Amino acid sequence: MSFDLNHKYWISTRKDIAQLIKKQNRLKTIEPPEDKAISFKIFSELYVLYVELVNKLSFIYHHTYQVQKRAVVRTLVESATQQLMRLKDELKNMELNEYVYIDKALIAKRLTPRDLLIWRSPQFLYRRPLDVQNILVENKLYMNDEEKEEIASKDLVKVTEAIKLIQAHERARRARVYKANIKYDKKFIKVYQRKKISYRFTFKPEQAMSIPVKRTIFNSDYIKSTEGCDELKNKDVNLDIHTTDAEEIKKENIRREEAASQIQSFWRNYRARKMIRVKKKFKEELFGMKKTRKLLRPNQFANSVLEMYKGEMLKKKLDEDFLKIISDERTRLLQVRSPWIMEDISDHIRAWFEDFYVKTGNFHPYPDPIKNGTVLVVIDETMTPLEFQETLNKKPMTKEEKKKLAEKKKNEKQKQKEKIRKQKMKEAKRRKKLKDAGIIDVGYEIATSKAIEKIEETMKDFSIQWRNIDEYLNKNHDPIKDWITEEELSKIHQELRNLVDEYMRVEYELLRKALAKDTKTKYKPQKVRKAKSKKPKKKKKPKDMTEDRTLDSLYNELKDGGIIEDVSHRDFNEFIADFNFVADDTRDEDNLTTLGPAKGDIKMIIQESMLGMGEFDIPKPKSILLIGPLNCGKKLLVNIIASELDAVFINLSPEKIYKYADNMKYFLHVVMKVAKAFQPAILYVEEAHRLFWKKIPQDQKDINPRLLGPSISKKILKVLKKTDKVILLGTSSMPWSAKGKLKKVFQKVLLIPKCDYGTSFLLWLELMTEHATDDIKDYAYSALARILQAYNSGDITANVSDTLSIERTMRLRTEPLSPNEFLEYFLSKHDPPMFPPEPKLMEKFNKWFGKSNKFLKLRRKFMAKKKSKEKKK
């Protein structure tokens, strides 16, 4: 993105932030609304505004290179995202649901649920250290010259093979053209070749080609020359006036005009029909009824990651230059300014000594290092001469008086603490009373948000510090050196003041000693109270069983054992799903939604949960369990998460780890060490209910499926910190067959719902367009979606790929596609026939999910409480 566009985008975003701050300041002062729907409306509108803000700020952040400005934008992105997640939690608590529907706020802003997605891959990728990244992939950005030559030689072999293939196809094409140019004489049944075929090489300069192959254009004539328009134009069609009557000439001209007008009419009709078809196609694509096939680049994600790392390399270089400038400026200031600074500090302290001696005849106690020394003199926090004179006239306090004074101060502190505690208790009781009445204190929630305070503080500092800086003139991303000089001067001044204080304290004691001699009083040196150096608490480090091993060897050990797997790249667009557009309109009298989520809502929740796996400090769950029937898309979602995060995929399924049963402690230690070192990492367990099986089937006893179950909490989840970019992902198609500990291990459980009409329609449209886009333009996707709606997405995907095979696609123009072919796949090609999941199975999933999801539990309690009140009435 260009510098100018980023600059304009930043200016408009600052205006948006200013308007948002004004709106929040107004909301801080409002009384708690008694109607819960009003609170929900306020939070939903704020949520939409924060989604737009996070999208804009994250985009600006990844295209901002100036070091000092980047720090400002980073703080804004992180704080805005944290507030966004807090707003989402508030909306969930109001909805008593994991899924939030704010369609009214979206309609007011003319947005759709898709606009609420804040997923930015690969912009949210967590950057691994350089040495770790080199172990994972051969990254050309970080190679030396020898390594680049080795990779180039490997690539050269691939290019030569490609050239051989192109040459073979070119020879075959030339043979076909040669054959097409042989002329047959039917009369004498002779075959003879025409004159030598001439051809020339041309190419399009604006067309980028992976291999510069020139195109071939043949000049030979393939068909007999026909009478063209030029010949008709040159033909003498004027009739002889002497031989033809004037009436015949007139009739001839009329016929020619009618013929011309008829040709024009047909041509205009053709053009109009063509334009109507184009407009119709555009509308159908706009409304989502039809789709045009999109050709994706095979290395699109890898290239985008590479571009991101190139940007990171530029940022890294600018950071190094920034640190070098700081170091150089510090050295310069120490050389040039330090003698003058020390002299100024000592002169100021001597003047302070003299001022007090002249006014009081004594010297003010020298400030202790624990109170930052003579900094107190600069900020005017020492005693005035009058106050000091009063202390001299006072009698020295006895031990008992000192004890009473200390007790008095202690009691006052205790009273202050008790007062604050009572205020907090009063506030908590007030909020609990409001909450029990179903009232949300919107003003309190906004006023107590640390993220909002951080945004306001950052924007205030930016408006003050940057008001005289023209950002547009700094296109080379140079740091602002005046700020560096000011900051380093303040640091150097503090360091030198501590040094000067040590010397001036000696001079101070000499003056006091001389004064005591003159006044013939006893000299007592002043006690110096220094700040106690805090000794770091020694934490017991867990014993590292692989202390002598390198990360490379540990990684290769897990990879060779099949624990670390390669995942083919999939993105969230491949999980085809639609949102629930009806849930917001079907609320009950308590303003709670009555319809369940669609598959698109599941995708949104997963994307929000994965935001904490990026570079920003955003809360995330440590473990997620995806449940649902077979072929509903659980494994696809896991692959998407791993590939979108560019994560190390560690498979801890029972069939993978049973061979490590003899040394499970060592194995889990290696797994967690590699996962933390190579984060982001995914710890995956397929069919996770097997870890806590109530009864192990006979055919599963060989792999000991319960092996990982007892240690998963202590050895995996307990070891993970909030800041670790490691997550435990599990899938299950039979969660009810496990013990209750399965619910405790996984913090978030998500049920993949059955396909609705919207998701089914999108599936058929997307898949059939990708397999045969040009030959089934007017196919009835809606009918297929309605009839086969109950089938899982995996079953539909397999059906389309099998039915529309390469052979069948080639015969589409001669044999139109029949809907019966898709039915035959389900009914004839499987023994027994494949049917959709039974309603009883989905009821079983819903029942188990209701017992494991905290929001559904809260909803049940709310409904039970409501019923008991109605019974009392």
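Lys23 and Glu45 make a salt bridge, with their closest N and O atoms 3.8 Å apart. Lys23 sits in helix α1 (residues 3-28) and Glu45 in helix α2 (residues 36-61), so this pair ties together parts that are 22 residues apart in sequence. Before going on, some ground rules: this is a predicted model, where local features need pLDDT of at least 70, side-chain atom pairs count only at pLDDT 80 or more, and totals for chains, interfaces and linings use all residues. Residues are numbered from 1 along each chain as its sequence is written, and side-chain values use heavy atoms, with hydrogens and water left out.

**Salt bridges**

A salt bridge here is a side-chain nitrogen of Lys or Arg within 4 Å of a carboxyl oxygen of Asp or Glu. By that rule the count is 42. Helices are DSSP runs of H or I with at least four residues, numbered from the N terminus.

Glu52 and Lys109 form another of these pairs. Glu52 is in helix α2, while Lys109 is in the loop between α4 (103-108) and α5 (130-136), so the pair ties together parts that are 57 residues apart in sequence. Arg332 and Glu329, by contrast, both belong to helix α9 (residues 300-336), 3 residues apart, or about one turn of the helix. Here are the distances for these pairs:

| Salt bridge | Closest N and O atoms |
|---|---|
| Lys23 and Glu45 | 3.8 Å |
| Glu52 and Lys109 | 3.7 Å |
| Arg332 and Glu329 | 2.8 Å |

How covered are the partners? Buried means under 20% relative accessible area, exposed over 50%, and partly exposed in between (1.4 Å probe, protein chains only). Lys23 is partly exposed at 25%, and Glu45 is partly exposed at 31%. Glu52 comes out partly exposed at 26%, and Lys109 partly exposed at 38%.

**Surface patches**

Patches are made of residues with over 30% relative accessible area and no salt bridge; like charges are joined within 9 Å, and nonpolar side chains (Val, Leu, Ile, Met, Phe, Trp, Tyr) within 5 Å. Accessible areas come from the Shrake-Rupley method with a 1.4 Å probe, and for residues only the protein chains shown count as cover. For charge, Lys and Arg count as positive and Asp and Glu as negative, with His and the chain ends not counted. A charge is placed at NZ of Lys, CZ of Arg, CG of Asp or CD of Glu.

A positive patch on the surface gathers Lys543, Lys665, Lys714, Lys715, Lys718, Lys741 and Lys744. Helices α22 (712-717) and α23 (741-745) each supply at least two of its residues. Lys543 sits in the loop between α16 (481-519) and α17 (551-560), and it counts as exposed at 75% relative accessibility.

Phe282, Leu286, Phe287 and Met289 make a nonpolar surface patch of about 490 Å². Met289 is in the loop between α8 (246-286) and α9, and is partly exposed at 41%.

**Cysteines**

How many disulfides (pairs of cysteine sulfur atoms within 2.5 Å) turn up? A search of the whole structure finds 0. Take Cys632: the closest cysteine sulfur, in Cys755, is 8.9 Å from its own, too far for a bond. Cys632 is buried at 1% relative accessibility, and Cys755 is buried too, at 4%.

Note on methods. Disulfide = S-S within 2.5 Å.
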